[in-house]
Amino acid sequence: MTTSADHAARALLRPATGHSAARTAALFLVSTAATGAGLLLPLALGRTLDLLLARAPATGWVLCCAGLVLALALLDGCQSVLVGTVDARTTAWLRGRLTRHILAVGPRIALRFGAGDLVARLVGNAAQAGTAPTARAVLVAALAGPVGGVVALALIDPWLAAVFLAGAPVLALLLRAFARDTSRCTTRYQREQGRIATALAEAVDGHRTIAAAGTADRETARILGPLPELSRAGHRMWQVQGRAAAQAIAVAPLLQLGVLAVAGVLLARHRLTVGEVLAASRYAVLATGVGMLVAQLAGVARAKAAAGRLAEVTSEPTPAHGDRRLPPGPGRLELRGVTARRGGHTVLHDVDLVVPGGATLAVVGRSGAGKSLLAALAGRLADPDGGEVLLDGVPLNELTHADLRGAIAYAFERPVLLGDTVEDAIGLSLPRPSPARVREAAVTAHADDFVRRLPSGYATALADAPRSGGESQRLGLARAFAHGGRLLILDDALSSLDTVTEARITESLAGGGRSSTRLLIAHRAATAARADAVAWLDGGRVRAVGRHEELWAIAAYREAFTGADEAEGMCP
């Protein structure tokens, strides 16, 4: 029964196969030609044997046999090269397609699958799914061998084919059951692999916490927890394949013996020659060529199961972008009736907020108030479940991708630095980053001093540039400053900085020297105090918007920073 998952897998494999269509067609032709040569060889051998027994000239047939053997060797070599090439090209295409889709969907996709599971699908499952075009192309040849063997038996004598076909339905049923069971077992096995990969990625990411807590043994047990289930799935997979092969092999010799017995009777009645009996024995082997057929069916089943896991990822919808361009404007940000839910829980409810162009707005609130979610919505790293977000009067979802990403820059609490060198990391979003612009951004982020102290300065490889948490944040800030744009969003991007550096950066942001609008997620009262205005989130709503010193008179506002007791002793 065909399911929606099967349709999704086929839809993904169709363009993947088309990526190497010419090579796949060549593989089909080569494998079919090899099967054809294999079918002709018994005929040539039988004819040669008859001529030799009759002491008739057989030089031509001997040369024909030698040519067929040589052709088989050459075709087998070509088939091996084509299989390797097509597998590699298809795997590369699938990995590229999956990577682009993951990046297009954004952070939401990691919440569903987990980073480790995504890596397992991108590496292991893509490689298995990449064998689908070759497995299908060779499967035709694998089927042509048995079919051709039956036809050849019928041409030698119809009774030979009739004896074989009497037991053929049993083989067909065995192979059908094998293909079905193998697909199920392989899917289960790959799912357990994904669980282990997810747990391992989480442990690697939190290795310091594990070391500090002394829970390495417990984490090892957690990571390897699915191993027994993985083992059972693996054993089940091989049991299915072994049982199918054993059953088929048990049936195949009986069919071959039946064909040989009938051939012997026909030989005794002078209806067959010795050469035809030899040919019939070889064709009976080809007709019962279950081993190759089982292997090819197993390959198709594994590739299909892996493609299904890839299709689960590619079925995640990507954010749609419009075709509108940003008009000239100061970077005015507006949230109108924005509602956002996570995990069935409403985090932000009917939020209305305006950030005037060129202004600096700090967003404060207790932990879990939805500050980071609001920051994600403001730059369309996520879409609201209700309402809309506008930049200079244009809804973000109506902007072209280029205009959207060119207008908004982000800096995060834990920036991931990408690129070969420090300079590459800072200029990541620039199509043609200039050294002068990179250094200017680093100076603004107060990162220039420590970068110059690195072994090769800005040309230092990231792997050779040891950094503290605050230094990494400064490089992340420099990357955002180098990007430019109308809207700069700092999602707790100052939390690891010392107070002096934070004060200098926030002063430069709020001092009017920069033309962009700034949205700051703030946890420190000093940061909020330097902003033009503060938006106070409480209970999923904007409770108040105003100057920090005005809101400080409210006890609940002070508690959003440190707690009631400490807030009473703080000054704005």
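This is a predicted model: local features need pLDDT of at least 70, side-chain atom pairs count only at pLDDT 80 or more; totals for chains, interfaces and linings use all residues.
Strand 6 (residues 408-412) is mostly covered, with 4 of its 5 residues buried. Strand 6 is joined to strand 7 by 5 bridges, and the two run parallel. Within this pairing, Ala411 stands opposite Leu490 of strand 7. Strands of a sheet pair through backbone hydrogen bonds, in either a parallel or an antiparallel manner.

On one side, Arg486 lies in the loop between helix 18 (469-483) and strand 7 (487-491). Is Arg486 buried or exposed? Its relative accessible area is 19%, and because the limit for a buried residue is under 20%, Arg486 counts as buried. Setting aside neighbours within four places in sequence, Arg486 is in contact with Leu326, Pro327, Pro328, Gly329, Pro330 and Gly331, and also with Asp392, Ala407, Ser516 and Thr517. The phi angle of Asp492 is near 55°, a positive value in a residue other than glycine. Most residues other than glycine have a negative phi.

A second residue with a positive phi is His270, a residue other than glycine whose phi is near 65°. His270 is placed in the loop between helix 10 (227-268) and helix 11 (274-287).

Attention may now turn to strand 3 (residues 360-365). Of its 6 residues, 6 are buried, so strand 3 is largely enclosed by the rest of the structure. Which residues cover the two faces of this strand? Thr360, Ala362 and Val364 lie on one side and Leu361, Val363 and Gly365 on the other, and all of them are buried. Strand 3 pairs with strand 8 (residues 517-521) in the parallel sense over 4 bridges. In that pairing, Leu361 has Leu519 of strand 8 as its bridge partner. Strand 3 also pairs in the parallel sense with strand 9 (residues 533-538), here over 5 bridges. The bridge partner of Val364 in strand 9 is Trp536.

An open sheet is formed by 4 strands in the order 2-1-4-5, and their pairing is antiparallel. Strand 2 (345-355) and strand 5 (394-395) stand at the edges of this sheet; each has a single partner strand, so one side of each is left without a neighbour in the sheet. Within the sheet, strand 1 (residues 333-342) and strand 4 (residues 386-391) run antiparallel and are joined by 5 bridges. Thr339 has Gly386 of strand 4 as its bridge partner.

Phe28, Leu29 and Val140 make a nonpolar surface patch of about 260 Å². Leu29, one of these residues, is found in helix 2 (residues 21-53), and with 57% relative accessibility it counts as exposed. How many disulfides does the structure hold? The structure holds 0 disulfides. Cys64 is in no disulfide, and the nearest cysteine sulfur, that of Cys65, is 5.8 Å away. Cys64 counts as partly exposed at 33% relative accessibility, and Cys78 counts as partly exposed at 40%.

These regions can finally be placed in the protein as a whole. There are 23 helices and 10 strands. Buried residues make up 47% of its 572 residues. Among contacts with a separation of 6 or more, 76% are between residues 24 or more positions apart. The protein exposes about 27600 Å², and carbon and sulfur atoms supply 60% of this area.

Terms used:
Residues are numbered from 1 along each chain as its sequence is written. Side-chain values use heavy atoms; hydrogens and water are left out. Two strands pair if DSSP finds at least two bridges between them. Buried means under 20% relative accessible area, exposed over 50%, partly exposed in between (1.4 Å probe, protein chains only). Contact means heavy atoms within 4.5 Å. Patches are made of residues with over 30% relative accessible area and no salt bridge: like charges are joined within 9 Å, nonpolar side chains (Val, Leu, Ile, Met, Phe, Trp, Tyr) within 5 Å. Accessible areas come from the Shrake-Rupley method with a 1.4 Å probe; for residues, only the protein chains shown count as cover. A salt bridge is a side-chain nitrogen of Lys or Arg within 4 Å of a carboxyl oxygen of Asp or Glu. A disulfide is a pair of cysteine sulfur atoms within 2.5 Å.
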